[in-house]
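Hi,

Here is the structure you were waiting for. Please open it first, then read the notes below.

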Amino acid sequence: MFAGQEISVSLVNVIDENLTQLKMLNNILFSVHFDEKYYADVVASGELTKLAYHSDTCVGAISCHRERKEDGAVRLYIMTLGVLEPYRRLGVGTRLMNHMLDLSSKENMSEVYLHVHTDNEDAINFYKKLGFETTERISNYYRNAIVIKDYYVLTKRLAVLTKHEAVNTDKK
Ligand code: ACO
């Protein structure tokens, strides 16, 4: 459609009025069912969930939450990232991800991570291009053991500033 060029998108928080857009995207893009708690958390998450609009069309979304690790460090977990098929390879996924990477760096988080199916080569290529590394492989046996789905955990470690460095950065 756009022959490999980048398209301009604006990123918008999810609110009650546009929640249907996220529901439609998730239905199209993912085989997982998202419950009402997920959607309530998304609406409350502010900057941690974004819809990407090209003109008036919602073409992609990212949803995340913060997690505290046992050592006290805070990291970002990417629950979902998806772009509608006709709008892929046009920089939309990168825009959405860069928003979350910038936010994570500003909040001095230690890392950003996610799960992805081992057979999802498109997404794995995308994440690797953005500096994510495979940190774990998880075997997930579905209840009836008909389908065996394996996941990679992909992680991007971020530079964590000491309190002293963070104060000096704020002053600049
Ligand atoms: N094959 C190879 N490399 C790719 C591909 C692909 N299909 N897609 C992206 N890349 C790499 C390329 O290096 C690309 O740069 P280039 O186009 O200049 O070569 C770079 O990533 C950036 O691509 P974007 O255009 O920013 O990515 P896009 O907007 O297409 O979004 C995404 C990528 C989100 C993975 C998209 O393919 C998608 O929605 N897939 C279906 C849903 C999905 O699988 N989501 C991830 C599941 S995991 C999770 O949700 C936590």
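**The pocket and its ligand**

By class, 20 nonpolar, 10 polar and 7 charged residues make up the lining of the largest pocket. Keep in mind that this is a predicted model.

Start with the pocket itself. Its volume is about 1,400 Å³. In total, 37 residues line the largest pocket. Nearest its centre lie L81, N120, D122, A123 and Y127.

Which elements give two or more residues to this lining? They are β4 (74-83), α3 (92-106), β5 (111-117), α4 (121-129) and β7 (148-157). Of the elements, β4 gives the most, with 7 residues.

Now the ligand. The space it takes is the largest pocket. Around the ligand there are 23 residues. The closest are L81, V83, G93, T94 and N120. L81 and N120 also belong to the group nearest the pocket centre.

The shell around the ligand has 11 nonpolar, 8 polar and 4 charged residues. At least two residues of that shell come from each of β4, α3, β5 and α4. Those four elements also each give two or more residues to the pocket lining.

- L90: 3.1 Å from a ligand oxygen atom.
- G91: 2.8 Å from a ligand oxygen atom.
- G93: 2.7 Å from a ligand oxygen atom. G93 is also among the residues closest to the ligand.

How much of the ligand does the protein bury? Taken alone, the ligand exposes 970 Å². The protein buries 80% of that.

Best wishes

Note on methods
Residues are numbered from 1 along each chain as its sequence is written. This is a predicted model: local features need pLDDT of at least 70, side-chain atom pairs count only at pLDDT 80 or more; totals for chains, interfaces and linings use all residues. Side-chain values use heavy atoms; hydrogens and water are left out. On a 1 Å grid over the protein atoms alone, a cavity is a set of points where a 1.4 Å probe fits but cannot get out, and a pocket is an open set with protein on both sides within 12 Å along at least five of seven lines; lining residues have an atom within 4 Å of a point. Grid points are joined across faces, edges and corners, and a volume is the space filled by probe spheres set on the points. Ala, Val, Leu, Ile, Met, Phe, Trp, Tyr, Cys and Pro count as nonpolar, Asp, Glu, Lys and Arg as charged, and the others, Gly among them, as polar. A residue is near a molecule or strand if one of its heavy atoms lies within 4 Å of it. A polar contact is a pair of N or O atoms within 3.5 Å; within protein, one must be able to donate a hydrogen and the other to accept it, and residues adjacent in sequence count only if both atoms are side-chain atoms. Accessible areas come from the Shrake-Rupley method with a 1.4 Å probe; for residues, only the protein chains shown count as cover. A molecule sits in a cavity or pocket if more than half of its atoms lie within 2 Å of its grid points.
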